[in-house]
Amino acid sequence: VRARLMRLFPCSVGRKTSSSDQNSVEDELELSAVRHRPEGLEQLESQTRFSRKELQILYRGFKNECPSGVVNEDTFKDIYAQFFPQGDASTYAHFLFNAFDTDHNGNVSFEDFVMGLSILLRGTVQEKLNWAFNLYDINKDGYITKEEMLDIMKAIYDMMGKCTYPVLKEETPRQHVEVFFQKMDKNKDGVVTIDEFIDCCQNDENIMRSMHLFENVL
């Protein structure tokens, strides 16, 4: 678990310190003194599925990358560019940033980040699907259109670049979306509601696997 969490913050991997207890104290102090003041560790521990130690590890990585206490979209894109050098991750990073930026103020705070990460890594199926719906609902109007779903799919394939085998054809994302959307839009009104999305995903194993694709590129 630690390795998966820490890959989000490559600069914090391998950071050596003289005392883990000292680091814990420092994290407690910095959590209360950071410019954009996050929730206290105890409150975050109660609101997420992370332990106090895991929150301290996450915060240490977060503050290394973002000393101001918030992440802007450019930083998000820079981080993802490091993970996926074989493709163009900028569009997917933009969509993912908007999903983490729950108050839509143009910044992702430590609270925003850790709450989203808790859902994606340890949330229930219902919580994960709610989060996925929010990601695909690009304009946040409560509906997913075929164009929105296609934009997300194209962004994922662009990010993966040429590393897939066999190499995917250019029309593959549209073909996948046509299949998904036809199954999800049960009343054929051209949009997918959250109820349609969750019901379809929970009852179709293939779609569930495909909808989880975004988790693998976190």
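This is a predicted model: local features need pLDDT of at least 70, side-chain atom pairs count only at pLDDT 80 or more; totals for chains, interfaces and linings use all residues.
Local features here need pLDDT of at least 70 and side-chain atom pairs count only at pLDDT 80 or more, whereas totals for chains, interfaces and linings use all residues. Residues are numbered from 1 along each chain as its sequence is written, and side-chain values use heavy atoms, with hydrogens and water left out.

Trainee: How many helices and strands does the protein have?

Mentor: Helices (H or I, at least four residues) and strands (E, at least two) are taken as DSSP runs, numbered from the N terminus. Counted in that way, the secondary structure of the protein comes to twelve helices and four strands.

Trainee: Which kind of aromatic pair do Phe62 and Phe110 form?

Mentor: Rings of Phe, Tyr and Trp (its six-membered ring) pair if their centres lie within 6.5 Å, and planes under 30 degrees apart count as stacked, over 60 as edge-to-face and the rest as tilted. By this rule there are 13 aromatic pairs. For Phe62 and Phe110 the centres are 5.3 Å apart and the planes make an angle of 70°, so by the cut-off of over 60 the pair is edge-to-face.

Trainee: How many residues apart in sequence are the parts that this pair of Phe62 and Phe110 ties together?

Mentor: Phe62 lies in helix α4 (residues 52–65), while Phe110 belongs to helix α7 (residues 110–122). The pair therefore ties together parts of the chain whose separation in sequence is 48 residues.

Trainee: Is Phe197 buried or exposed?

Mentor: Buried means under 20% relative accessible area, exposed over 50%, and partly exposed in between (1.4 Å probe, protein chains only). Because the relative accessibility of Phe197 is 0%, this residue counts as buried.

Trainee: Is Glu54, which meets Arg122 in a salt bridge, buried or exposed?

Mentor: The side chains of Glu54 and Arg122 meet at 2.8 Å, N to O. With a relative accessible area of 17%, Glu54 is buried.

Methods:
A salt bridge is a side-chain nitrogen of Lys or Arg within 4 Å of a carboxyl oxygen of Asp or Glu.
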